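User: Hi! Could you walk me through how to read a few features in this model?
Analyst: Happy to; let's look at it together.

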Amino acid sequence: MDLSDSPEEARFRADARAFIETTLPTLPWPEPADLVAKVPFWTQWQKALFEGGYAGLSWPKEYGGGGAGPNIRAIFAEELDLAGAPERLNTIGEDFSGPTIIDFGTPEQKDRFLRPILAGDDIWCQLFSEPEAGSDLASLRTKATKVEGGFSITGQKIWTSRAHIASYAILLARTGTEPRHKSITFFILPLNSPGVTIRPLRHMLGEAEFNEVFLDEVFVPDDLVVGEVDGGWAVTMGTLAYERVAIATGRVNTQRAVRDIVADVRTATDSAGRPLGADSRVRDTVADLYGRALIHYLIGQRVVSLATDDGPPGPVTSIGKLFFCPLVEDLADFRLSLSPLGGQFAPEGDDHETARWVRLAYQARGTAIAGGSTFIQRNIVAERMLAMPRSAR
């Protein structure tokens with residue numbers, strides 16, 4: 001695999017870097033820490049991306065995207081990470097919901113929903129998990145009953161990232177009597193619909209990023225069904241594949257994280273004043289993390305090279321997720337082990353740099369569940385790539 005830029009890629013990288021260097025200083029820094037306060041900051045950044053032609057790079061041009069290949073999108077993501085660009089608040093909209101609507105939605109749904117995602121007008125969330133249906137998504141209980149002109153939906157969703165700042169959600173509900181995945185339908189839900197209650201949940205950082213969402217006879221019209229009624233499982237698998245691509249190619253720039261760790265070790269000393277880099281155990285750990293970060297990058301490039309514009313990517317994304325999640329945990333944990341008391345103070349009580357690693361260490365544990373747990377990913381790799389027999393249930 002040749003990882004060097006082609007002439008076209010090199011030109012794009014140079015143009016993208018110039019755009020980022022010009023645009024970032026125009027934002028009202030510093031970026032707020034609170035998620036709700038981030039919204040206007042992010043909206044300004046997203047609109048600049050859209051106007052500059054850098055939003056939805058791999059989306060079709062007819063929907064406001066760039067019509068570029070996944071390699072171009074990967075290059076832009078690298079440049080954003082290197083420049084310290086703002087957090088992406090609408091990953092579910094741009095990376096999961098939008099591509100799913102492109103693949104499975106009606107022309108009317110595409111016209112209505114896609115461009116506002118890229119323009120920063122609408123943030124999306126994902127109403128899949130339930131209190132008793134997390135990794136075993138096919139056991140969900142939220143019920144959608146057919147009524148005149150649409151469906152009446154009742155149930156509860158949980159661990160919904162950013163629902164309290166979102167305008168729309170992709171929603172799974174049971175519409176038939178067949179067991180498990182055979183009677184699930186995929187909906188688009190406007191979150192301002194009567195009967196929707198959003199209750200933020202504070203996680204271990206003391207922040208409200210996740211939510212539980214209650215649906216009490218919420219009406220969803222027929223034209224907001226994505227795909228076929230009772231045929232939502234195929235649509236769901238497409239959405240989850242896109243989610244795994246985002247994770248496999250890196251929600252965290254692991255190579256940059258290793259470079260930051262190397263820079264910290266180079267200047268740090270132990271309690272006796274000796275250079276930290278003189279400790280063989282530290283050097284061995286840094287070398288291990290460096291090698292694993294490089295492998296993660298190569299896996300991401302494999303995912304990118306296999307991605308196409310005519311449908312969801314395949315099960316290879318599960319390999320990336322399996323490799324990525326423990327790597328990020330180990331990166332954060334090792335860096336925190338170099339801080340006083342292992343960085344175990346609350347983030348607001350630490351210096352900015354240590355707080356960054358505390359936050360990453362906590363978030364990494366949740367990433368291991370997002371997009372399907374480790375055990376789900378192992379089953380996918382075993383069954384779909386290694387052709388091993390399905391385990392007895």
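User: How many helices and strands does the secondary structure of the chain come to?
Analyst: Helices (H or I, at least four residues) and strands (E, at least two) are DSSP runs, numbered from the N terminus. Here the chain comes to 11 helices and 8 strands. Keep in mind that this is a predicted model, where local features need pLDDT of at least 70 and side-chain atom pairs count only at pLDDT 80 or more, while totals for chains, interfaces and linings use all residues. Residues are numbered from 1 along each chain as its sequence is written, and side-chain values use heavy atoms, with hydrogens and water left out.

User: What does the radius of gyration of the chain agree with?
Analyst: The radius of gyration is taken over C-alpha atoms, and the globule rule is 2.2 Å times the number of residues to the power 0.38. For 393 residues a compact globule would have a value near 21 Å, and the chain has 22 Å, which agrees. Along the principal axes, the C-alpha atoms fill a box of roughly 75 × 45 × 45 Å.

User: What percentage of the residues of the chain count as buried?
Analyst: Buried means under 20% relative accessible area, exposed over 50%, and partly exposed in between (1.4 Å probe, protein chains only). In this chain, 48% of the 393 residues count as buried.

User: And how do I read contacts: what share comes from residues 24 or more positions apart?
Analyst: Contact means heavy atoms within 4.5 Å. Among contacts in the chain with a separation of 6 or more, residues 24 or more positions apart account for 72%. Glutamine 46 counts as buried because its relative accessibility is 4%.

User: Which backbone oxygen lies 2.8 Å from a polar atom of the side chain of threonine 23?
Analyst: That of phenylalanine 19. Threonine 23 lies in helix α1 (residues 7–23) and counts as buried, at 11% relative accessibility. Leaving aside neighbours within four places, threonine 23 is in contact with Trp45 and Ala48.

User: With which side chain does tyrosine 242 make a polar contact?
Analyst: A polar contact is a pair of N or O atoms within 3.5 Å; within protein, one must be able to donate a hydrogen and the other to accept it, and residues adjacent in sequence count only if both atoms are side-chain atoms. The partner of tyrosine 242 is the side chain of aspartate 103, at 2.5 Å. Tyrosine 242 lies in helix α6 (residues 232–248) and is buried, with a relative accessible area of 16%.

User: Which backbone angles deserve a second look?
Analyst: Most residues other than glycine have a negative phi, and most peptide bonds are trans. Here, a cis peptide bond joins tryptophan 29 and proline 30, with omega about 0 degrees; proline 30 lies in the loop between α1 and α2. Tryptophan 159 has a positive phi of about 60 degrees although it is not a glycine. Tryptophan 159 sits in the loop between β3 (150–157) and β4 (168–174) and counts as exposed, at 55% relative accessibility. Arginine 180 also has a positive phi, near 50 degrees. Arginine 180 is in the loop between β4 and β5 (184–190) and is partly exposed, with a relative accessible area of 40%.
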